[in-house]
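Hi everyone, thanks for making time today. Let me put the model up on the screen, and then we can walk through a few of its details together.

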Amino acid sequence: MARKPFRTSKGVRRIKRIMRGLPDAAQAELVEVLEKTGPRLVNLIKARTPVRTGALSRGVKFRVAKKSLKLRAGVLGSPKARGKLFYGYILNFGRKAGPVKARRRTKNGTSNYMLNVKGITGSRFVTGTGKLIGREVQPQLQSIWTRILNRAAGGSGE
C-alpha cells in the first residue's frame with residue numbers, strides 16, 4: 001500500500017502558514033536550533049552509514065532553509081555529486097532481486113545485456129534517524145515554542 005507524501009498530510013498547510021507568520025526574532029531562534037541540530041543529525045547518519053570506501057559517509061551533509069524553516073540531511077549537493085553516490089539510495093531503501101538491463105560502453109558503441117542482481121534489505125541509515133534526533137531536539141523546540149507563545153500572549157511582537 002502506498003503512503004501519502006508528508007506535504008499532503010492534514011494540517012500541514014495551516015502549520016506552514018503559522019510558521020510564515022512568526023516574528024523575525026522567533027524565526028531566528030528556530031533557525032538557530034536547526035543549525036545546532038544539523039551537525040548532530042549528520043553525525044548520527046554517518047555513524048549508521050555502511051562503510052566500504054567512506055565516500056558515502058563523506059557525502060552526508062545538512063542544510064537549513066531559513067525561509068521555510070526546514071532542516072534537510074542526507075546525500076545533498078549538485079546532481080553530479082549525488083549521481084556518484086547513487087548507491088546510497090539502494091543501501092538505504094534496498095532493492096528487489098531479479099534480472100535488470102545493463103548497458104556497457106565499448107569501443108564500438110554500447111552493448112546491452114541482462115544481469116541478475118541479488119536483493120538487498122535496506123539499512124535505513126538516513127530515513128531511520130528521525131526518531132533518534134526527535135528525542136534530542138524536542139526539549140529545545142518545546143522551550144522555544146513556550147517562549148514564542150508567551151510573547152504572543154503578552155502582546156509583544158518580538
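Glu35 and Lys66 join their side chains in a salt bridge, 3.9 Å from N to O, where a salt bridge is a side-chain nitrogen of Lys or Arg within 4 Å of a carboxyl oxygen of Asp or Glu. This pair links distant parts of the chain, with Glu35 in helix α2 and Lys66 in the loop between β1 and β2, 31 residues apart. Helices here are DSSP runs of H or I with at least four residues, strands are runs of E with at least two, and both are numbered from the N terminus. Glu35 is partly exposed at 36% relative accessible area, while Lys66 is exposed at 53%. For those words, buried is under 20%, exposed is over 50% and partly exposed is in between, using a 1.4 Å probe and protein chains only.

A quick word on the source: this is a predicted model, in which local features need pLDDT of at least 70, side-chain atom pairs count only at pLDDT 80 or more, and totals for chains, interfaces and linings use all residues. Residues are numbered from 1 along each chain as its sequence is written, and side-chain values use heavy atoms, leaving out hydrogens and water.

Glu29 counts as buried at 15% relative accessibility, whereas Arg147 is partly exposed at 40%.

Lys36 and Glu32 form another salt bridge, at 3.6 Å from N to O. Because these two are four residues apart in helix α2, about one helical turn separates Lys36 from Glu32. Lys36 is exposed, with 51% relative accessible area, and Glu32 is partly exposed, with 45%.

Let's stay in helix α2, residues 24–48, for Thr37. Is Thr37 buried or exposed? Thr37 is buried, with a relative accessible area of 2%. Leaving aside residues up to four places away in sequence, Thr37 touches Leu71, Ile133, Val137 and Gln140, contact meaning heavy atoms within 4.5 Å.

Last, a look at the backbone. Leu69, in the loop between β1 (60–65) and β2 (70–75), has a phi near 55°, a positive value in a residue other than glycine. Leu69 counts as buried, at 12% relative accessibility. Arg124 also has a positive phi, near 55°, and is partly exposed at 40%.
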